[in-house]
Amino acid sequence: MAESGSVGGRGKWGYIWRHWVTLFLHLLAILLFTRGFLLTRTELPFYSHTSDLSHSPCFSSSSSSSSSSNASSGWTEPAVNRLVIIVLDAIRFDFVAPSTFFPETKAWMNKLEVLKNAASTHPSSAKIFKAIADPPTTSLQRLKGLTTGGLPTFVDVGNSFGAPAIVEDNFINQLVQNGKKVVMMGDDTWTQLFPHHFERSYPYPSFNVKDLHTVDNGCIEHLFPTLYEEDWDVLIAHFLGVDHAGHIFGVDSTPMIEKLEQYNNILERVIEVLENQSGPGSLHENTLLVVMGDHGQTLNGDHGGGSAEEVETAIFAMSFKKPPSFVPPEFDTYSCQMDLNGKNVCISSMQQLDFAVTMSALLGIPFPYGSIGHINPELYALGAGRWNSDASQKLSESDFWMQNYANALCINSWQVKRYLDAYSASSAVGFSHDDISRIASAYAQAENYWSHSTIELLLDRNNGSDTLMPVLKRQINAYFNFLSTVAELARSKWTEFDLNLMGTGTGIMVISLIFQLHAILRANKQHGLTSSSPRGSWITPGTTFALFLLGIRACSFLSNSYILEEGKVANFLLSTSGIVALRQSLIKDKRLIESVGFLFLSTFCRFVIEVGLSKQAATSAFMKDYTSWILNIASALPVWDYAAEVVPMLVLILLAFWLYKVTSRSFCVCPWKYVILGTILSYMLIVVHWITDSERFGVALVPESIGRTYIPRIVYAIALGQMLLMAFGQLFKDNYLDCKSNLVAKASAMLSTWSSTVILLSGKQGPMIAFASLVGGYFLMRLNNGEEDAKEPRRSFSIGPFPVMQWSLFATCLFFCSGHWCAFDGLRYGAAFIGFEEFMLVRQAMLLTIDTFGFSIILPVFGLPLLVATKHQTNVGKHVLFTQLSQMYTIYGFITSIMMTFTILCVTIQRRHLMVWGLFAPKFVFDVFGLILTDVLICLASVYYFGQGKDDPELKSS
Amino acid sequence: MLCFDLIRGSIPSSMDRRKSREESTATGASPPQKISATEALIVNLLCVVGLGLAFCVANKGYSFDLVTDPSRTLFFIWIIELPIVILLFSRYRQNRQLCTYLGAVGRGLLGLPLGALLNSLGAIALGAPVTFQYLQKTVQWSLMMSLFTIVPASSVLGFSWTDWRRIFAQTKPNGSVEYLICLPAHGAVIGGWFGAWPMPLDWEKPWQEWPISVSYGAIAGYLVGVVASCGFVLAHGRSKHVKRD
């Protein structure tokens with residue numbers, strides 16, 4: 001009683017306010033969750049240059065010592081000439097380390113004996129490190145991290161959106177900039193990341209996980225000849241066999257052990273070749289060999305997450321400089337164990353983050369601009385032999401090395417500080433004030449030491465070791481302090497999910513669900529009051545079945561396979577609902593044609609979705625071997641080509657004709673009629689646009705430039721004009737229409753307004769899909785209508801959720817039918833540039849949104865009133881109609897929010913899953929956009945549709 | 001050779017349909033009651049034994065199963081089930097006055113391809129592959145499904161649209177024979193529907209291929225339906241007994 005009174009009292013806002021509250025709750029939930037989940041980092045377009053060093057307080061390599069090397073090359077003095085990097089994908093730490101380091105000996109341990117032996121027999125020139133990677137531990141992200149020295153996140157905001165190539169400053173780029181020649185062989189991810197950097201490259205496809213040997217054999221084939229050649233400075237060989245063996249067979253399997261034994265042989269030969277060539281004047285006189293994993297793997301062969309097994313990998317480094325260099329003992333962080341043969345093996349620990357900068361320092365090139373690692377002393381010490389010849393020093397080798405290292409760290413700290421300053425200045429989401437001041441103070445302290453005491457000591461060459469060492473140690477510790485503060489801060493910002501924020505977001509999402517459910521049930525209760533039917537009648541088989549479908553669809557998001565095949569899953573459920581509807585109409589023996597037609601339509605959708613998936617297969621790595629027969633047919637027949645040009649236009653003309661018929665019918669009056677006429681004009685313009693665009697017809701109806709740019713703009717302008725007209729139409733209250741017809745007229749006008757733009761953006765497939773959605777919508781309305789007839793009129797006041805569920809499933813299918821899928825390469829970027837040549841973020845983003853969600857969200861949401869209005873044969877009165885419409889919008893929103901909630905749960909549960917960045921996160925982003933857009937459109941639609949006069953005679957009479 | 005019912009059914013008119021409905025309610029009401037619970041159990045048992053026999057022949061005789069060679073296994077299933085189902089269910093035909101035993105057998109044979117068509121259309125609507133390499137499997141699968149769903153009904157019910165509607169759309173079986181038709185058919189369809197679920201998963205198991213998992217689901221559902229129908233027939237008989245007392 002009070003409730004209905006309040007609704008009546010507040011007029012149209014009584015229907016609307018709940019949608020706004022929902023929108024607000026969703027925005028809040030999404031905002032919180034996203035801040036916790038989607039870690040973002042801005043890529044800076046800056047590069048390090050050799051000349052930059054003059055801005056630093058440190059010595060450049062030329063001034064720090066009088067060594068004979070040519071000083072122009074880099075920041076630090078080059079310590080090695082050539083570098084051989086062998087990347088063994090997904091090498092676990094326990095593959096490399098002796099089994100005595102672990103509590104239990106497993107079958108896969110002690111296979112890479114050669115590395116262990118080298119480390120134990122030449123402790124000063126060969127070293128094994130436990131390398132700690134940072135999540136996400138996927139190859140692409142890891143290679144990016146290794147070469148840039150940064151912490152790549154899911155959303156690295158930069159100008160490389162869509163293409164994987166690294167645009168940030170990186171180790172490889174610095175090599176090329178400084179005249180080093182790089183040769184690459186193996187995993188083709190490298191050539192994707194660095195398309196133009198390699199002197200020579202021998203890439204092999206990496207995505208066929210079942211293929212254990214192609215990449216490795218290719219590597220071996222090119223590796224050994226290349227080792228004897230002179231025309232390179234850095235060689236990169238990336239082996240994939242272990243990663244693939246892990247994915248297919250797991251770690252504890254024969255193929256894995258065979259692979260490891262194979263690698264052992266290869267590495268043995270590589271070391272032999274390098275050793276033989278390492279005499280004075282030989283090819284590998286001063287070469288450093290690095291054997292490393294990019295990440296680890298779990299026992300099942302999965303990686304991507306942040307568990308210890310996944311992040312712990314190994315780096316083995318061996319210098320072939322003779323005599324071996326000296327290792328300063330102060331910084332050693334190693335632990336030693338006897339191996340099975342009784343030899344002493346020492347293993348140190350380092351962060352993968354430090355790899356890029358350490359290698360840059362060893363080669364004497366500028367450090368990558370965005371690197372935040374520090375020069376690892378032990379790895380750096382492997383190149384220390386270079387300076388032994390410097391005879392002018394009074395200092396011991398060790399002191400001299402320390403001096404050098406202190407200077408290198410000085411450069412390192414200055415470079416990191418420069419990056420952080422630039423990042424804070426240019427990124428939208430920078431570091432907090434506290435963090436920045438903490439970093440600044442640590443840097444200031446180190447800097448203070450340097451400029452006040454250390455530098456003087458270093459310049460004064462007469463100091464002995466006794467005075468120098470304590471100062472140097474203090475200096476180095478100050479730099480360590482600064483650099484580790486930075487790394488810690490960066491990790492917390494770029495690699496750790498904020499579970500509190502994610503939890504809060506999920507909680508608010510659940511609250512919004514409860515709110516919506518309450519709203520739906522309340523509206524139901526109102527029906528009960530007004531129509532005096534017994535409560536509880538709402539729980540029908542239809543409702544149960546709709547909830548069942550919704551439950552299946554929502555739960556399907558918990559598995560990556562179902563997300564990958566989401567289109568098929570949605571279509572499966574749509575067809576199921578069609579079969580149930582068919583059964584329903586068989587029971588009632590009416591609307592048979594409609595339900596059979598709907599079933600055929602969903603079958604048709606199914607084939608279109610498969611064509612769309614085959615397009616996805618072309619770009620997506622997941623489905624490369626999926627071939628579609630439909631595409632084969634399409635390419636085989638030339639007639640097909642011609643039909644593909646003509647049929648859309650014919651369908652569009654058909655649509656226009658249909659619209660014309662609609663307008664000529666009686667219920668369309670003044671403003672709405674003109675709106676629809678505008679749409680017909682738009683359709684004609686689109687046809688003209690397509691004719692001028694295609695070469696096939698060769699008729700120049702209008703000059704090409706006009707056809708290409710002005711016609712789309714005119715179509716957009718007409719659509720905007722129609723919007724304005726409708727907005728003004730709201731102001732004039734027309735009494736000569738009853739509420740129901742008015743609703744139909746408004747909805748048709750709104751749909752036709754949007755349709756022209758959506759069709760134009762969708763391209764040639766647009767008219768067909770528009771036609772399909774029209775037919776599908778018509779069938780759904782008719783089916784729903786049939787349902788009403790059978791029941792008693794009293795009970796039919798509330799609409800069960802089944803038609804709405806079908807409506808929503810159909811909309812989802814249309815999303816996939818129109819050639820989209822939930823990945824960033826599923827966006828049709830071309831659509832954003834129809835009618836515009838130049839890029840403007842807001843404008844192009846709007847066009848892209850309309851193209852992506854046009855058929856799946858915009859049209860279904862605005863078309864929902866038709867489902868309500870056509871349900872009733874007779875005029876039921878404004879209050880009933882609007883309450884129903886409001887309820888249906890709430891149900892529609894509820895369905896969308898349930899999906900979103902499950903997506904959120906899914907990404908929370910699977911946040912350490914292998915596919916989290918490849919699959920779940922894009923799906924999450926698409927769902928977020930979809931949900932917000934749905935909410936906003938529901939709010940707008942309710943403002944638009946409920947904006948009718950207050951008088952409600954029908955209700956009073958009933 | 002085919003019975004009168006068939007000729008009449010091919011040119012149905014509303015008059016005819018109404019007549020047949022009256023007949024089926026008048027004359028067809030009595031035959032279902034004739035079948036006793038034991039007889040129903042035996043019919044079900046024979047169907048299940050046929051199914052087991054088919055698997056046995058495939059497995060022991062030719063050493064393949066549903067996973068290794070789905071189309072031949074499905075072929076065995078339907079070719080062995082076909083005589084069992086048709087011969088058994090034709091005995092319970094309705095309108096005995098109008099239709100001979102052989103006529104009922106003919107109706108069953110006619111129902112086989114039609115039911116297969118219906119089932120395959122349903123499967124394609126739900127996403128079954130239509131490429132040429134799957135054609136044979138789809139055909140064999142739909143023939144098997146037809147035997148589970150349509151063939152018994154067409155042998156028993158003939159062309160009586162109202163009975164078809166009552167059993168398959170409204171799920172209101174009447175009498176023990178109709179339970180034997182209705183429940184296993186629904187079980188097979190629902191089981192097949194659930195059987196399609198594991199197909200998209202990335203487990204890379206051979207049985208995830210079309211139509212293997214769906215066939216397993218359908219057979220499982222069919223068996224559940226058979227058991228349920230036995231239960232219903234028993235319960236039905238008991239309640240009838242009580243009523244009669």
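This is a predicted model: local features need pLDDT of at least 70, side-chain atom pairs count only at pLDDT 80 or more; totals for chains, interfaces and linings use all residues.
Chain A, for its part, has a secondary structure of 33 helices and 11 strands, and 60% of its 958 residues count as buried. When contacts in chain A between residues at least 6 apart in sequence are considered, 79% of them join residues at least 24 apart.

One helix of chain A shows this burial in detail. In helix α13, residues 355-363, nine of the nine residues are buried, so the helix is largely enclosed by the rest of the structure. Among these buried residues are A:Phe355, A:Val357, A:Met359 and A:Leu363. Just after α13(A) comes A:Gly364, which takes a positive phi of about 75 degrees.

Rolling a probe the size of a water molecule over the atoms shows where empty space is left. The structure holds 11 cavities of 30 Å³ or more.

| Space | Volume | Lining residues | Lining by class |
|---|---|---|---|
| Second largest pocket | about 1,200 Å³ | 36 residues | 24 nonpolar, nine polar, three charged residues |
| Largest cavity | about 380 Å³ | 23 residues | 13 nonpolar, six polar, four charged residues |

Around the second largest pocket, the lining residues that lie nearest the centre are A:Trp658, A:Leu751, A:Leu774, A:Met781 and A:Leu866. Several helices of chain A each supply at least two residues of this lining, including α24 (638-664), α25 (670-693) and α27 (739-762). The helix that gives the most to the lining of the second largest pocket is α28(A), with 10 residues.

In the largest cavity, the lining residues nearest the centre are A:Arg553, A:Thr812, A:Ile857, A:Thr896 and A:Asp927. Here α29, α30, α31 (878-909) and α32 (916-945) of chain A each supply at least two lining residues, and α32(A) gives the most, with six residues. Helices α29 (801-817) and α30 (841-869) of chain A each supply at least two residues to the lining of the second largest pocket as well.

Notes:
Residues are numbered from 1 along each chain as its sequence is written. Chains are lettered from A and ligands numbered from 1 in the order in which they are written. Side-chain values use heavy atoms; hydrogens and water are left out. On a 1 Å grid over the protein atoms alone, a cavity is a set of points where a 1.4 Å probe fits but cannot get out, and a pocket is an open set with protein on both sides within 12 Å along at least five of seven lines; lining residues have an atom within 4 Å of a point. Grid points are joined across faces, edges and corners, and a volume is the space filled by probe spheres set on the points. Helices (H or I, at least four residues) and strands (E, at least two) are DSSP runs, numbered from the N terminus. Ala, Val, Leu, Ile, Met, Phe, Trp, Tyr, Cys and Pro count as nonpolar, Asp, Glu, Lys and Arg as charged, and the others, Gly among them, as polar. Buried means under 20% relative accessible area, exposed over 50%, partly exposed in between (1.4 Å probe, protein chains only). Contact means heavy atoms within 4.5 Å.
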